[in-house]
Every structure is written in structure tokens, then in C-alpha cells.
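Have the structure open as you read.

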Amino acid sequence: MSKRPLAPWLLILPSFALALFIVSYPFFNIVWQSIHEVSRFGQVRDFSGFANFATIFSDPVFMATLWRTLAWTVCVVGGTVLVAVPASLILVQDFYGRGLARTITMLPWSISLTMTAIIWRWAFNDEFGLINLGLQQLGIISQPLHWLADPALAFPVEVMIGILVSVPFTVTIFLGGLSSVPTDIYEAARMEGANAWQQFRKLTLPLLRPFINIAIVLNVIYVFNSFPIIWVMTQGGPDNGTHILVTYLYELAFRLGRPGEAAAVSLVMLLMLLAFTGIYMRMQGGEHAEQ
């Protein structure tokens, strides 16, 4: 029985150790802070057990933020998939100007989220914003709306922008999946008399499902932790009405000076993402087993 050479393992050991340190040190530091009293300047004091967790779960702002984060994630990810599927089906077709259409679709991806949020904040300004001006000229509204001053308007606007900036990445995934689908099966389906809807439901959607699964998992992780859109546009306001967990965490740590509670919030977020990933992968494994 031949022995495996140790040289490859010795070569990757330094990089592996560095990567492990980079990943593990912040995690253990957050865990340590979450079970201690921490000053606003980051000085760790007495052991407090689960007092930080009890404090955040008794805070009505945190609980409202928790449910709003779930709504934000579901709406943005669901809306992104619903928009990206037909967009990718169109962009995979061979038509004049397809390259330009794909470029326009990908443009929001080339701009940083912070700059995108700043542009949209200007557009939704109640005094000189283009949105109010355009709606007034079309006769849809008679006076400017205070889009970002009312949580009932501001949060749906931020969800819309979240969908807009997530579509390019998702379309890229779907285009890769659609490009790998052989065209012969569609020709055979047409010869059998299948219409466009039947082809989509029986052929395209099942073949695209693995790519949809990848897009959902990646987008949930990306959207759940998305900070710039909400923070730049409303900073969680007005009256904490647009906070999601990541902006609430930032406010706790750097505005209110409560890093111990912020560390507890970050661990709650990590557990939520791990739970979602585990449940989703288990569901997908069950579907494959049934097939």
C-alpha cells in the first residue's frame, strides 16, 4: 500500500492556516463579546451570560426588525427570481440588438450599491426628485409624495431597488443554465405539438431548477446581509420603520454604543442563515430522492 505524499499538504498548510485564522478569529471574538459586558469603546468587562440576548429579544424594535428582515429577504429574492426568469428567457434568444440588451440588463451590476442608493435617494426626493416630477407631469399625483419620510412608502421603494440591483446577477446565472440546454429537445417538443407554455413548464423549468436553487441560496445570503440600500436611503428610519437586522446591528454598535448587544444580533443573523441553508438543502435533497 503506497503512502500518500506529504509535500502537497505541507504546501497548502500555510494558506489553510491563514484562511482558518481570518475566518475563525472574528467569529470567536463576536461570541466572546456577546456573552460579556462591552463598553462603547470595545473594552470587554464582566461576564454577562445570555444577558445581551435577553435584552435584544425584549426590545420591540429588534422583534419588528426581525420580521421586517424576513419580509425584505422574501420579497427581494422572490421578486428577483420572478423578473430574472422571463428576462433571461428573452435574452437567450437570438435577435438583433441582443448584445446591447444584455449590456443594459447588466449595467446596474457595474455600479456600487452605495452609489445606486444615493442616485435613487435623489430620485425619490420629495422636493426636486425626478419620480415626483414625472408622476405630476403624467397627472398621476397632484402634489409631491414624501417617499422616504413614510415607512409605508419607503420600505416598498427599497424592496424595489433591492430587486433592481439583484436581477443582473441572477440573470447571469440563468443565462448560463439556459445556454447549456440542448435545442434538440425543443425541436422535438414542437414536432410533438407542444406549445410555448408547455415547453416552458415541462422542459425549461425542470432543466433550470438547479440554477434557480443556486440563485435563491446565493441571493438570500446576499440580500439578508445587504446594508447600503437601506442605510443610505433612510438609515433605518423614519421611526425605525425600515430597519433590517444588519442596519439595526450597525446602529447598536456605532451609534448607540452597545457592541455586546450588536454581537448578539450578529450571531442571531448567522444562526438564521445557517438554519435557512440547512432547511433548504434538506428540502432539495428530499425532492431529488423522490425523483
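Rings of Phe, Tyr and Trp (its six-membered ring) pair if their centres lie within 6.5 Å, with planes under 30 degrees apart counted as stacked, over 60 as edge-to-face and the rest as tilted. On that basis, the structure holds 14 aromatic pairs. This is a predicted model, where local features need pLDDT of at least 70, side-chain atom pairs count only at pLDDT 80 or more, and totals for chains, interfaces and linings use all residues. Residues are numbered from 1 along each chain as its sequence is written, and side-chain values use heavy atoms, leaving out hydrogens and water.

Here are two of the pairs:

| Pair | Ring centres | Planes | Class |
|---|---|---|---|
| Phe62 and Tyr248 | 5.9 Å | 45 degrees | tilted |
| Trp231 and Tyr250 | 4.9 Å | 70 degrees | edge-to-face |

Phe62 sits in helix H3 and Tyr248 in helix H11 (residues 245–255), so this pair links parts of the chain 186 residues apart. Helices here are DSSP runs (H or I, at least four residues), numbered from the N terminus. Phe62 is buried at 0% relative accessible area, and so is Tyr248 at 4%; buried means under 20%, exposed over 50%, and partly exposed in between (1.4 Å probe, protein chains only).

Trp231 belongs to helix H10 (residues 228–233) and Tyr250 to H11, so their pair ties together parts 19 residues apart in sequence. Trp231 is buried at 11%, while Tyr250 is partly exposed at 31%. Both also belong to one aromatic cluster with Phe227 and Phe254.

Key. Helix = DSSP H or I, 4+ residues; strand = E, 2+ residues; numbered from the N terminus.
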